[in-house]
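Dear colleague,

I am handing over to you the structure shown below, together with its sequence. Please keep it open while you read the notes that follow.

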Amino acid sequence: FRLRLQGLGWHVPETDPLRLTLHTARSGLSGKEIAGLLRQHQVECECSSRDEVVLMVTPENHPRDLERVIQALGKAPDGPALPALPGASCIQAMTPREALFSPQETIPTFQALGRICGAPTVACPPAIPVAISGERFGPEALAVLAHYDVEAVDVVANP
């Protein structure tokens with residue numbers, strides 16, 4: 001199935017045997033748009049972001065379920081690639097232990113510039129924290145969080 005999608009132009013990396021990840025940037029469509037196409041064909045993805053769609057396949061899936069995915073996606077569009085994200089480096093301001101055990105508050109992501117991460121927020125996909133506990137949020141980190149639709153973060157409460 002993975003090879004069939006690759007033959008249609010989709011970027012499908014090797015991952016967990018029962019997890020199918022489609023990287024969508026080369027198609028010119030967002031993962032959210034592709035999730036909508038799949039939904040129109042009665043296929044629900046595990047999760048989607050701007051760049052990816054993740055589908056889970058189980059032994060309970062019938063071959064016709066996979067055919068619905070092919071029907072929904074068809075040949076990968078040859079659209080303009082979505083712009084790449086900037087790297088997001090954060091500066092360590094306190095140890096992870098200090099940050100985790102400090103009083104925390106949840107604030108809107110757009111207000112987190114310069115604040116210290118209390119507990120990491122992980123968007124799925126890619127399920128990689130942008131900042132870990134004790135790191136100070138910089139502008140690049142906030143751009144990455146906004147990219148993945150993270151609306152709120154836990155920060156160390158101001159003394």
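**An exposed residue and its surroundings**

Asn158 is exposed, since its relative accessible area is 54% and a residue counts as exposed when that value is over 50%. Please bear in mind that this is a predicted model. Asn158 belongs to the segment that comes after strand 8. If neighbours within four places in sequence are left aside, Asn158 is in contact with Glu105 and Arg115. Arg26, by contrast, is 42 Å from Asn158 in space, C-alpha to C-alpha, and the two are 132 residues apart in sequence.

In which order do the 3 strands of the open sheet lie? The order is 5-8-6, and the pairing is antiparallel. Strand 5 (104-108) and strand 6 (117-119) are the edge strands, each of which pairs on one side only. From one strand to the next, the twist averages 55 degrees. Strand 5 is joined to strand 8 (residues 152-156) by 5 bridges. Within this pairing, Gln104 has Val156 in strand 8 as its bridge partner.

**Strand 3 and its partners**

Strand 3 (52-56) is largely enclosed by the rest of the structure, because 4 of its 5 residues are buried. Strand 1 pairs with strand 3 in the antiparallel sense, over 5 bridges. In this pairing, Arg19 stands opposite Met56 of strand 3. Strand 2 (residues 47-48) also pairs with strand 3 in the antiparallel sense, over 2 bridges. Here the bridge partner of Cys47 is Val54 in strand 3. Strand 2 and strand 3 form a hairpin, with 3 residues between them.

**The two sides of helix 3**

Which residues of helix 3 (residues 63-73) are buried? They are Asp65, Val69, Ile70, Ala72 and Leu73. Viewed down the axis of helix 3, these buried residues fall within an arc of 165 degrees, so they line one face of the helix. The face of helix 3 turned away from the buried side carries the exposed residues Pro63, Arg64 and Gln71. The buried residues of helix 3 pack against helix 1 (2-7), strand 1 (19-23), helix 2 (31-40) and strand 3. Helix 3 is followed by Gly74, which has a positive phi, near 60 degrees.

**The nonpolar cores**

The largest nonpolar core has 17 residues. Those with the most contacts inside this core are Leu5, Trp10, Leu22, Leu38, Val53, Leu55 and Leu73. Strand 1, helix 2, strand 3 and helix 3 are the elements that give two or more residues to the core. Which of the elements gives the most to this core? Helix 3 does, with 4 residues.

Trp10 deserves a separate look. A second, separate core has 16 residues, among them Cys90, Cys117, Ala141 and Val155.

Yours sincerely

How values were computed:
Residues numbered from 1 in each chain as written. Predicted model: local features only at pLDDT ≥ 70, side-chain atom pairs only at ≥ 80, totals over all residues. Heavy atoms only, no water. Pairing = 2+ DSSP bridges. Axes fitted to C-alpha atoms, helices over the stretch in contact; angles between N-to-C directions. Buried < 20%, exposed > 50% of the residue type's maximum accessible area, 1.4 Å probe, protein only. Contact = heavy atoms within 4.5 Å. Arc of directions from axis to C-beta. Core = buried A, V, L, I, M, F, W, Y, C linked by side-chain atoms within 4.5 Å.
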